[in-house]
Amino acid sequence: RRSAARRRCADALVAADQLGRLVFRALATTLVDADGLAAAILAVPEAWAAQMIQDHNNAYVDDCARRLDALWTSLCASRHPPDLRDTVWTFAVQACFEAVVDGFAAVSRHCSTEGRALMSMDLQVLHFSLDKIHRARPDRGALYADSYIKAFYLADHDLEAWIDQNRDNYKHAHMRALAHAKLGAHKATPFDSPGASSAASASAFSAKKPSSAKSHLRDIFHRAGLHS
């Protein structure tokens, strides 16, 4: 009987912890306006399509940092115990980086190499800014977002391994966006230089990215269940 009671107690504690995490995640998503953050990333398509390296982060990064700074100030002014305050903060930081990945995935199909470099800059500035307010290391933080950005640069065999290792870490929509962007890189894109003729561009692109490579990519995504 004691053993059964212990098991029931342990199960109840696990369930309570899981419920608590769900509540904190929902609260954090609202506190940081996660949907608004992802929308702000979508609102600057010209930044992601740029053909020149930018020297400054996007404005949404500064807006997010200000919002989180106000949240931390409010938490510190409250009567909540320090453990609860830090838990709310950690989930808030996680919600920010999850929203950033949502936004990056949504624009990835029409993103230039320079635009992806800007993503890395935005991420670094956001990470630094939030750490400056109060350091947190959530399960899905800056490294989570950085890994997603770097996946777009992986060679095919490394990409397949990355997908296998991360299929449970990212949303299916994130993986599909990665698939579409990688497959799209094997075609002429709207980011080709306007001075080059379409025929010359297509010829050069074809020489660099043979159809067999695209077929191999399709096989990788098909095995992963990411049908385009």
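Trainee: How many helices and how many strands does the secondary structure of the chain come to?

Mentor: Helices are DSSP runs of H or I with at least four residues, strands are DSSP runs of E with at least two, and both are numbered from the N terminus. Read along the sequence, the chain follows the pattern α-α-α-α-α-α-α-α-α-α-α. The secondary structure therefore comes, under that definition, to 11 helices and zero strands.

Trainee: What kind of model is this?

Mentor: Residues are numbered from 1 along each chain as its sequence is written, and side-chain values use heavy atoms, with hydrogens and water left out. Local features need pLDDT of at least 70, side-chain atom pairs count only at pLDDT 80 or more, and totals for chains, interfaces and linings use all residues, since the model is predicted.

Trainee: What percentage of the residues of the chain count as buried?

Mentor: Buried means under 20% relative accessible area, exposed means over 50%, and partly exposed lies in between, with a 1.4 Å probe and protein chains only. Among the 228 residues of the chain, the buried share is 37%.

Trainee: Of the contacts in the chain with a separation of 6 or more, what percentage comes from residues 24 or more positions apart?

Mentor: A contact is counted when heavy atoms lie within 4.5 Å. For contacts with a separation of 6 or more, the share from residues 24 or more positions apart is 79%.

Trainee: How are α4 and α6 oriented to each other, roughly parallel or roughly antiparallel?

Mentor: Axes are lines fitted to C-alpha atoms, for helices over the stretch in contact, and angles run from 0 to 180 degrees between N-to-C directions. Helix α4 (residues 59-77) and helix α6 (residues 113-133) pack at about 15 degrees, with their axes 10 Å apart. Angles under 35 degrees count as roughly parallel, over 145 as roughly antiparallel, 65 to 115 as roughly perpendicular and the rest as oblique. The two helices are therefore roughly parallel.

Trainee: How do the residues of the contact of α4 with α6 divide by class?

Mentor: Ala, Val, Leu, Ile, Met, Phe, Trp, Tyr, Cys and Pro count as nonpolar, Asp, Glu, Lys and Arg as charged, and the others, Gly among them, as polar. Tyr 60, Val 61, Cys 64, Ala 65, Leu 68, Asp 69 and Trp 72 of α4 meet Asp 122, Val 125, Leu 126, Ser 129, Leu 130 and Ile 133 of α6. These residues divide into 10 nonpolar, one polar and two charged.

Trainee: By class, what residues does the contact of α5 with α6 have?

Mentor: The axes of α5 and α6 come within 12 Å and cross at roughly 170 degrees, which means that α5 is roughly antiparallel to α6. Trp 89, Val 93, Phe 97, Val 100, Phe 104 and Val 107 of α5 make the contact with Met 119, Leu 123, Leu 126, His 127, Leu 130 and Ile 133 of α6. By class, this contact has 11 nonpolar, one polar and no charged residues.

Trainee: Is Val 100 buried or exposed?

Mentor: Val 100 lies in helix α5, and, leaving aside neighbours within four places in sequence, Val 100 is in contact with Leu 37, Ile 41 and Leu 126. The C-alpha atoms of Val 100 and Leu 126 are separated by 9.9 Å, although the two are 26 residues apart along the chain. Because its relative accessible area is 2%, Val 100 is buried.

Trainee: Which residues does Leu 75 touch, not counting those up to four places away in sequence?

Mentor: Leu 75 is found in helix α4, and its relative accessible area of 8% is why Leu 75 counts as buried. Leu 75 and Trp 89 are 14 residues apart in sequence and 8.2 Å apart in space, C-alpha to C-alpha. The residues that Leu 75 touches are Arg 85, Val 88 and Trp 89.

Trainee: Is Gln 124 buried or exposed?

Mentor: Gln 124 has its place in helix α6, with Val 61 lying 9.8 Å away, C-alpha to C-alpha, and 63 residues away in sequence. Because its relative accessible area is 59%, Gln 124 is exposed.
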